[in-house]
Amino acid sequence: MTPSTPVPAQWPDRYGNELYRFALSRVSDADVAEELVQETFLSALDGLATFRAEASERTWLFVILRRKIIDHYRRQARVSHVGLDEISDGGPSEADYFAPENGHWTAQQAPVSWLNADAALEQQELHEILQRCQDRLPPQQAAVFALRFVEELSAEEICQELGLSSANYWVIVHRAKLQLRRCLEKHGLGKN
Amino acid sequence: MLLEQQADLPLGRGQRASLWLHLRYCPYCSRYAKQTVLIAEWARASASARASSGMVLSDAAKQRMRERLAAAE
């Protein structure tokens, strides 16, 4: 039975693995995930006086970890903060995907059919490929993508967290998706 | 970008009509519209699968954490 008063010395054994897996599912780097768990425990210790027994200790620690993960993305995005004009981060630009003269998809980048897409969702391999593709995104795009589609923050919350204008935000989301699609196709999605 | 925006914000009537018409006559865009939804679904499913994997913190890491907590108490 969970005691009503938290016992910090027991947190690593009691909640460490679960928090670590959650952190690792978000940041993919084992050292960073470990660091986030440690920061979570230290912040929880600092805020022990604010812990209310009606929330479970586990839930409380997860709330703190989630905040740490968002802070991690914010730092990641700020390291590579760029303006709208220079948002390509050295990655493919709009011109690689769309013909400048008419805005249509270029022949090389036009989306191919993902006939195997439904089955792919069940595959462990897809998860691994998607993670690798996410890791290859420029840091700011990776942070925005994760906050929107994994943490499920709203566009408004993300703009606030990362100090982005909404125009900038939409461009980043659009480019992240374009690059992920291309990366997934490069790794076999759509080749039946 | 209207495709992305419609997931977060209700588009105006004109924008909705414009997007519908565009997707109707641009098969690549229509295909991309479906793919962009799939990518978002997969990202969530993928994180969820990793969160329930068998990965564990090493005993050494747990020990370090216990020591940091004891030092901070």
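I began with one cross-chain pair, and I found that the side chains of R64(B) and E34(A) meet in a salt bridge at 2.6 Å, N to O; by this term I mean a side-chain nitrogen of Lys or Arg within 4 Å of a carboxyl oxygen of Asp or Glu. I note that this is a predicted model, in which local features need pLDDT of at least 70 and side-chain atom pairs count only at pLDDT 80 or more, whereas totals for chains, interfaces and linings use all residues. I also note that residues are numbered from 1 along each chain as its sequence is written, that chains are lettered from A in the order in which they are written, and that side-chain values use heavy atoms, with hydrogens and water left out.

Next I looked up the whole interface. I counted 3 salt bridges between chain B and chain A, and I saw that the contact (heavy atoms within 4.5 Å) takes 39 residues from chain B and 51 residues from chain A.

I then turned to the aromatic rings. For a pair, the ring centres of Phe, Tyr or Trp (its six-membered ring) must lie within 6.5 Å, and planes under 30 degrees apart count as stacked, over 60 as edge-to-face and the rest as tilted. By this rule I found 6 aromatic pairs over all chains. W11(A) and W60(A) form an edge-to-face pair, 6.0 Å centre to centre with 70° between the planes, while F51(A) and W60(A) form a tilted one at 4.7 Å and 50°. I recorded that W11(A), F41(A), F51(A) and W60(A) form one aromatic cluster.
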